[in-house]
Amino acid sequence: MIKAENLTKVFNRNLVAVDHITFSVREGEVFGFLGPNGAGKTTTINMLITVLKPTEGAASVLGFDVVKQANEVRKVIGVVPQEYTADEDLTGYENIMLCADLYGIPRDVAKQRALELLELVELSDFKDKRVETYSGGMRRRLELACGLINRPKVLFLDEPTLGLDVQTRAATWEYIRRLKNEYGMTLFMTTHYLEEADVLCDRIAIIDHGKIVVTGSPSELKDSLGGDIITITVKENADVTSVIQSVENVKEVRKENGAYRVKAANGEVTAPIIIEALRKKGYTVTRLSLTEPTLNEVYLEYTGRAFRNTEESRMEFMAQRFQLWRARRR
Amino acid sequence: MSEAEIVNECQPSFARGLWALTRRELKKWLNDPVMLVMFVLQPLIWMGLLGKSMNIGGLFSTSNINLPQQIPIPGSAILYPSGLPGVVLDGAVILQMFAEMGSSIMQNTFGVADYFSFMAVGMVSMIVITTTMFSGMSIVWDRRLGFLDKVISTPVSRAAIIFSKILNATFRAMFQATVILALAYLLGLKLSSTFTPLNLLGVYAAIFLLGVGLSSVFIAFSIRSTRMERPMQFVSLITMPLMFASNTFFPTKLMPDWMQAIARVNPLTYLTDAVRQLTILPTDSSALLVDFTYLGLFAAVLATAGIVLAWKYLTR
């Protein structure tokens, strides 16, 4: 459905936002782009939806090239952008009809479908109210309805639950599942919420610094960690990495924020052995935790734990602030 | 659904996309009556204050000059009953001459007897400028809100995106020009004897052409910009010079040569002249032809440039 090969976007000749990424999305699956802010997720989506031109490489949606056959691509995709793009001065219904006009959907078909979609996203009661009066969750649902007006084969969702409360987020997930299961739609989404990727996506690509670091289903990715994570804190100041390393089944030890992050097979059995080994050398374990790998672990494994000082464009920053402000107003 | 079916269902047409986007903007505008009032108020204030305060015709009025009843002219040998030498003229005759000279100066300079009529019509140009400059800003605003990106991701014609902005600005300008001309008429605008209501169509056509041309410039300038400041700065930079280096406030023939040269290429000059020809002046069809030709070319060239830029730069 979607293919990208060496897709690259360089802004202003030196800021590499997306760096030679290659991936493919299969029909009917939910494919997630997971990564920290500024990793290149939105840039990638914008290239796939023909809003940005790739600097290098190529991508296609349903076999249509995103540059050479951009107009064909536009007809078969739906887009739910990160921002609230619905016009505040128009009503919900008018906004959907505006989208229908842009796609050139016959008027009678569009009218009926607009009403159906408003029903689907539970906005029927508010369809003649100006969007100005909508809450953040309602706006998001309206965006979703707009993105579906042309019955897209592929739906692109950019951070579909950014800034939403827990209930609305759960409801949004439900819509996404329904689109996949009932309509057999292919979905491409970006998110930086791990649990979102975990519960929704069939396959995930973790992207960081414009590069895809790993691709796979959530369970594949968890398995790839090769075991459980044991986090140990030791009272003494000395470096005990080599002691832990010597224990059987321990695969990797990393020191992070004063604690040791130990990757080990069979964590329940290995953990007591590590404590024993440390005690023999005269060290005292003050704290120990054992976690089975979650997507969280996978994510940190591939992107590191350090805080990010990402360089966000001024515009992106303003847009986000503005959006949060609008979401908060009601 | 086969691929052919999907493709057939969407039949984006230029006209429909254009109308949908234009209607959106007009709705936004009509939804905000305060803005509407302010837009009319601004040229009204200019017209009222500047047009009425700069009573240039009044300079030549008889009350503006003090003359004695009789004016002796020295050097003549004839003695008059008053005992003074020289010719004595009747002051009233001089005043009469002065007033006639004044109205002839007004007529020759402005083409009409009162400055208010001259200046009120010039306000139409000001409206076109202030209204069209917002088309540039609104495209920046749409980009910021993400609306522009969403529209770009639909199969609607790129030209429709640009033209909707142009049309919207032009419609607004036409509406406001109507209001301002009606108000000016109430405030004492004197129409020429050749004026017929049909001439208003010509006024609209002229406004349309300048509106298309100017908003294309403003849009082209801000099409890639993500900052509001830039188009705003640009607008405030060029608005004043454009207005003053034209015949909006004062006839160009009395300006210094270099300024006349600017005024001669300034499209505002041609719009103002066309509107004056059609309303307050006895229509001179050859001058009108020049005006419309220039405005037409201006609109055609810049709109084309706008479309070309749109194709190139809307998608970054």
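Predicted model: local features only at pLDDT ≥ 70, side-chain atom pairs only at ≥ 80, totals over all residues.
View 1. Strand β5 of chain A, residues 64-65, runs antiparallel to β4(A), and 2 bridges join the pair. Between the two strands of the hairpin lie 2 residues, and A:L62 takes a positive phi near 50° there.

**View 2. Pairing of β4(A) with β1(A).** Strand β4 of chain A, residues 56-61, is also joined to strand β1 of chain A, residues 2-11, by 5 bridges in an antiparallel arrangement. Within this pairing, A:E5 stands opposite A:A58, which belongs to β4(A).

**View 3. The second largest pocket and the residues around its centre.** The pocket shown has a volume of about 780 Å³, and of the 32 residues that line it, those nearest its centre are A:D89, B:K28, B:M35, B:W141 and B:R172. Elements giving two or more residues to this lining are α12 (314-328) of chain A and, from chain B, α2 (14-30), α3 (33-53), α5 (115-145) and α7 (158-186). The largest share, 8 residues, is contributed by α5(B). Sorted by class, the lining of the second largest pocket comprises 13 nonpolar, 6 polar and 13 charged residues.

**View 4. The two domains of chain B.** Chain B is divided into domain 1, which is made up of the segments 13-54 and 111-313, and domain 2, which covers residues 65-105. Taken over C-alpha atoms, the centres of domain 1 and domain 2 of chain B are separated by 51 Å.

Technical notes. Residues numbered from 1 in each chain as written. Chains lettered and ligands numbered in written order. Heavy atoms only, no water. Domains from an automatic or database assignment. 1 Å grid on protein atoms, 1.4 Å probe; cavity = no way out; pocket = protein on both sides within 12 Å on 5 of 7 lines; lining within 4 Å. Points joined across faces, edges and corners; volume = space filled by probe spheres on them. Helix = DSSP H or I, 4+ residues; strand = E, 2+ residues; numbered from the N terminus. Nonpolar A, V, L, I, M, F, W, Y, C, P; charged D, E, K, R; others polar. Pairing = 2+ DSSP bridges.
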